[in-house]
Amino acid sequence: MKKHTQMLLTTLLVGGFTACNPLQTEEVIDPNYPSVGAVTNNATKAQLDGLSIGQVSIARDGIQTYLWVVGTLGKELFNFNGTESRWLTELNGLRPIDNSAFYNGATTAFGLPVRQANITLAAVNNTNSVTDREKNGYRGIANTFKGLAYLYMLNAQGSNGVRLNVEDPFKPSKPASYAESLTGIAKILDDGAAQLDQAGTAFPYTLPSGYAGFDTPAAFKRFNRAIALRVAIYQADWAKAATLLPQTFYSATGDLNAGPRHTFNATPPDRANPLLNTASSQIVGVQQVFDAAEANDKRVGKVRRLATPLTYTSGVTYSTPYLTNMYASANDPVPIIRNEELILIAAEIAAQQGNAAEATRHLNIVRTAAGLPAYAGATTRDALINAILKERLYSLFYEGHRWVDMRRYNKLGEIVLPVAGMKVLERLERPVAEVNWDVFNP
Amino acid sequence: MRKHLLNLILLSGITMATAWAQSRTLSGVVRDANGQPIPGANIVIRGTNRGATTDAQGRYTLSDVPATGRVQISSIGFLSKEQDLGNGQTSLDVSLAEDVANLEEVVVSGLATNVKRSNLANAVTLLDSKALTGTTTPTTTDGAFQGKIAGANIVANSSVPGGGFNLQFRGVSTLGASASQPLFIVDGVYIDNGQYSNGRSAANKAAAGSAASTQDNNANRLADLNPDDIETVEVLKGSSAAAIYGTRANAGVVIITTKRGKGGKTTVSFGQDVGISKAMSFYGGADWTEEKLTNYFDKSEIPLLREAKANGTYTDWERVVFGGTGQITNTRLGITGGNERTKFYVNGSMQNEKGIIKNTGFKRYSIRANIDHKLSSWLDFGVNSNYIVSDNDRGWTGNDNSYINYGYSLPYTKPYINLYPDANGRYPDNGSGVGENPLAVRDRAINNQKNNRVLQGFTVNARAINNERSSLTFRVNGGLDYQNGYALIWLPSDLQSQRAEANPGFAQDTRTEVFNSNVQLSAIYTQSLMDGRLNLTSSAGAVRLTKYLRSNFVRGTGLPAGVSNPSRGKVIDGFVDYQRNTDVGLFAQQDANFEDKVIGSVGIRFDKSTLNADFDKFYAFPRASLAVNAARFGDWAGSAVSQMKFRVAYGATAGLPTFGTTYSQLTVSGVGGLGGLVPSTILGNASIKPERATELEYGLDFGLFNGRVTGELTLYNKKVFDLIQPLTTAPTTGVTSTQINAADLTNRGLELTLGADVVRSSNFSWFVQPIFWYNRSKITRLAIPERLTGGFGATFGQWRVKEGFSPTQIVGQPRTDPNDPRSWTVYGDQQPKYELSLMNRITFLKNFEFSALLNYRHRFTVVSLSRVLWDEGGNTYDWNETDDIGNDGKTPNGIYRQNVNGLGDNGDPKPGYNPDVYSFLKLREVALYYRVPTATLKSVFGNTVSNVRFGVSGNHLLRWTNYTAGYDPENSNFGSLALGGGVDLGSSPAVRRMMFHIAVDF
């Protein structure tokens, strides 16, 4: 009896074992996201649209850290960050700069847009699901944002340069020199412009509302050429700049704020405007900058004068009554490049090419708009350049230009130091991971 | 059930055919060293499977005793004894010595087999319920491990009730890419000990934007297990002991066995603890003067200071928030009993522990039923069911970027600012640029985590063969662990910090569903050869484990006043995450025991897991061990040396890649109502392999003077290969890292446990147990660039992963060579030079018992950002003094320290914010108990009450430390990270607990 029961049980056990083989397992496919591999071969139009929209979206990556870091380095604004004193101490040379700190983001955050563009370009080259015109539309957008991302990266790194070839993340090129980097960025933008020329009359999908007026290949190219113009003036290639200017959306009579902009929305997968002041992070205007503004300069409205100055006491003591006033809502857009900058570039080209009248005319467009009298200073090249740099300080406040402008004219030493002992750094350090990669992969 | 079966196996193993001479009866009493009767002791005639068990008065009667023979007397917790019977002897009274070194305890030797500790070839730490919960009642089980396990580095993440511990056995076994915490198995069920994110670090921006963060400061889910249910804990610290657990065992295995019914008279046990907790120390308190404001802060606040001092509203807010008293209550009611066929253990408990901070606390309701039943002589089964509800208010401490955490706002809050609410209950805004009122957060914000959990285990044993020479048992066991967690974070929209937000108010509802199940089929064959002198046990089987995790949250910001439902926010964000994996293992093991003199074992396990890139590949994990009980050979018998065991063991284990390591994902980033696809900056690795470890462990166990002095010395060398490391790419490529098998490391260490019955008399006995251990880790291969990880940048110190150095080495600014960006200053190692524990147990006047556990950790390095907060805020206790090391006697320490960093001339760190080396000595546990004598109970209650014990106890009542950079050097803002866990930032004071206990058995 017992024997029989045991045999029965054993049979059941063995039977159960073989019926559903407990040793068999199946590969687990990522239950959360699609894979990069899915778009590299025969991508569909919807996938290419997704990559291109992603490109437009992540063009906003890093602008927060970039604008705050570059603004601090140029002593136009400070980040009164109650929980992070390194914004004021290390970035102003009061404590040693760190190559592994959060402010590396001003360089590294622009790596992903470059990779996004490279993946898009590869995906476009390896599919038959769209027309050649549509392909060139995707390519033109990708190369424009790739050039823009590289330019931010290069601004932060200065003479350290950038890696121009990163298609294989395990075999990136060594950083090029500053001049080579600018040349490489110009080439990327030029490629984009040429592709936009071959992209027909409409993009394969509708760009977001921030690109209203720039949402056809021809119009988008004017944005592309505006970035190329920035590169040209950084190269001090005034002849090329003069050629590029009319290809941009420059308009001496147009709205100074015209230009493509980043839009925001707090509801995911979109994101909120990252430049809003919060309880722990208040972006303030440097007092010395705004105290020095001419009377009635409307551009001082970019900051709000508080009755009680804000005082920062962590690691360094500094007071200023000027709190930035440019962004109030999570949906406020942030400009990428504006007509006001193009007009000031026009003035700069003219000054550099010895055309004082044209330079003064452009200066006065901006001054008049700011409610200021016409320029009455000297009209030597140097005087005009100084005047342009000053207008750029107020016109392009919080847009990431002061430090870069003063550096390209070797005038970092002329930046007013708000606190004794502060220094103006010439560039950010190469991030530790960049250094280590080259040490390990000579 | 397991023990029961084991007895059968052992008995059948030692069964011998002997001549039966009829027939006499043997009876007597079994007592302990103090003369107290031992109920439940076993008396077995050697060479037979016949025996008897003592009753409540320690009495036994054995019939059919052969004319000549030998009996073995044993009881759990005592050293067993063998005695020859005289011709015609009919009575035998025995006194058993307490088994202070747990030599008689049975511990696991394989997935289906056990071995007596005295025959074990590994240094397995065994904690019984007395060691675990006998002194004081811990909040959580892992909290009760501190100072009791040689070779363990256990750090509490936070002092908030509800747990949160980082357990590291024998150094570090992963550099972060595999499980850093040991595998926990409760009655054969693989249980989950994860820490599940609740969005707290998104709410306070400590890690803004991330879906899951190690900075959420959560409890690990072992907190759900009621420590009082535990009978024993076996800690398999290294690969040699844990090899048979294969692919999940790299960080060690903790095997928990819960209490089971022993049969006999039904006993009802009631226990009640009542206690309090208080902050151990404060860190702030510096006075404020007009001069201080003028020279170093904002002199425009002088009128506020004057007013507060004049009105008497000048308040030390740290003491207001952290100066509270937490109340502890813990109630247990258990029933055990049964008969020959059915035994049961049922225990319910309610634990309610409030923190020193108002509105923090931990509640746990647990009910467990363990039932064993014998269907027939060859078939039995057991089931273990445990349902747990836990409810944890974690409060707001740790890192923060918005002043919400009071651990962060208090260092900056000036005593002359009023924070108390007005008559209408409205909280004023904080002043001096501090963006939040800590009292408002404490009273109004919610950080709550609840968990509903079922642990269900089962075992079925079928003995196909069971005779005197051999037995064959088939076993099916396993179970499931299902938990459904619910966490709520709420920051009301009218809080000061929230009003400054674009969308004020933050609420997040997080649900986490975790399911683990495991089934094991095994066959165990035992045979007895050479007249019972050689016993062989063969076992083999298969294991299958499945885990899934489904978590999701809804986050709402822009909440209308008073609304805590996140779905009603202006901006609603959601997140869903899925994980699942299946592991399959095959194992076989052969154990041999020759006369308890030489005990050998070899085994192998093959494992595959869907977490590996090659999901269908089996990896092999061999093991082998040998123990030689030298004292059982020849002339040793009868000498002062009662035990002398040499042992050596080798084994291999592995650690699995974390879920998702193989995937290169396209994530989603949208703009203007369009959804875009964006590659993750982390690249998947489609060829990732598990991290593998091998360990050679050897040692010596000895017992002197009949076990009065015992010792256990172990040396080990654990090598871990193919450690998964992030290959950090140049981030400007758009790829920040990918995980590769890139490093090897070694852990070498020494563990020494001594035990001595210093005094053993009926009126006074003193048992002392010193434990000493250390571990040295070294990276022996690194195929990626050296890197820093953890912490908050090199200014404050980070963990350095570099070949030839310890992975827990902490380095930081400044660079020793300004031209070499990697020439960091070395500040020491997070692992202590050594750790030392001293357990004392003194019984006196028969019924009093005093015990104390001291734990000393020598020279370990701490990364602290706490002091910089307090110094910047002007509140550090010694801010106004001018006496810190190197200070000029004129500058306040709080100012001086902000600018002195690096090493001084003597090589010691300057008192700035760099890491520093500290030590501590803590009185972990102390207690005094009184057991009401049985005679008294009898005269008062008759036979109703069998046992009454009451006493007082405390945790961490005393502490000595040279730590000056925060509240307590044991702290971890980052939870259970393998590297980077121990960072003190925005923490709350360490806590001492004091309790009164009463326990009654009916």
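**Notes on the predicted model**

1. On overall dimensions, the C-alpha trace of chain B extends about 105 × 65 × 60 Å along its principal axes. Its radius of gyration is 30 Å, which agrees with the value near 30 Å for a compact globule, because chain B has 1002 residues.

2. For secondary structure, chain B contains 47 strands and 13 helices. Of its contacts with a separation of 6 or more, 68% link residues 24 or more positions apart. Buried residues make up 55% of the 1002 in this chain.

3. Now the packing. The largest nonpolar core has 148 residues, and those touching the most other members are B:Leu175, B:Phe184, B:Ile185, B:Val186, B:Val253 and B:Ile256. What is B:Ile256 in contact with, beyond its neighbours within four places in sequence? The partners are B:Phe184, B:Ile185, B:Val186, B:Ile230 and B:Val233. A second, separate core comprises 121 residues, among them A:Leu151, A:Met153, A:Val289 and A:Ile336. As general background, nonpolar side chains tend to be buried together in soluble globular proteins.

4. Finally, chain A. An unreviewed UniProt entry annotates residues 325–411 of chain A as "domain: RagB/SusD". That span is 57% helix and 2% strand, and its end C-alpha atoms lie 28 Å apart.

Methods:
Residues numbered from 1 in each chain as written. Chains lettered and ligands numbered in written order. Predicted model: local features only at pLDDT ≥ 70, side-chain atom pairs only at ≥ 80, totals over all residues. UniProt positions renumbered as here; feature names shortened; annotations may be inferred. Helix = DSSP H or I, 4+ residues; strand = E, 2+ residues; numbered from the N terminus. Rg over C-alpha atoms; globule rule 2.2 N^0.38 Å. Buried ≥ 20, exposed ≤ 12 C-beta atoms within 10 Å, placed from the backbone. Contact = placed C-beta atoms within 7 Å. Core = buried A, V, L, I, M, F, W, Y, C linked by C-beta atoms within 7 Å.
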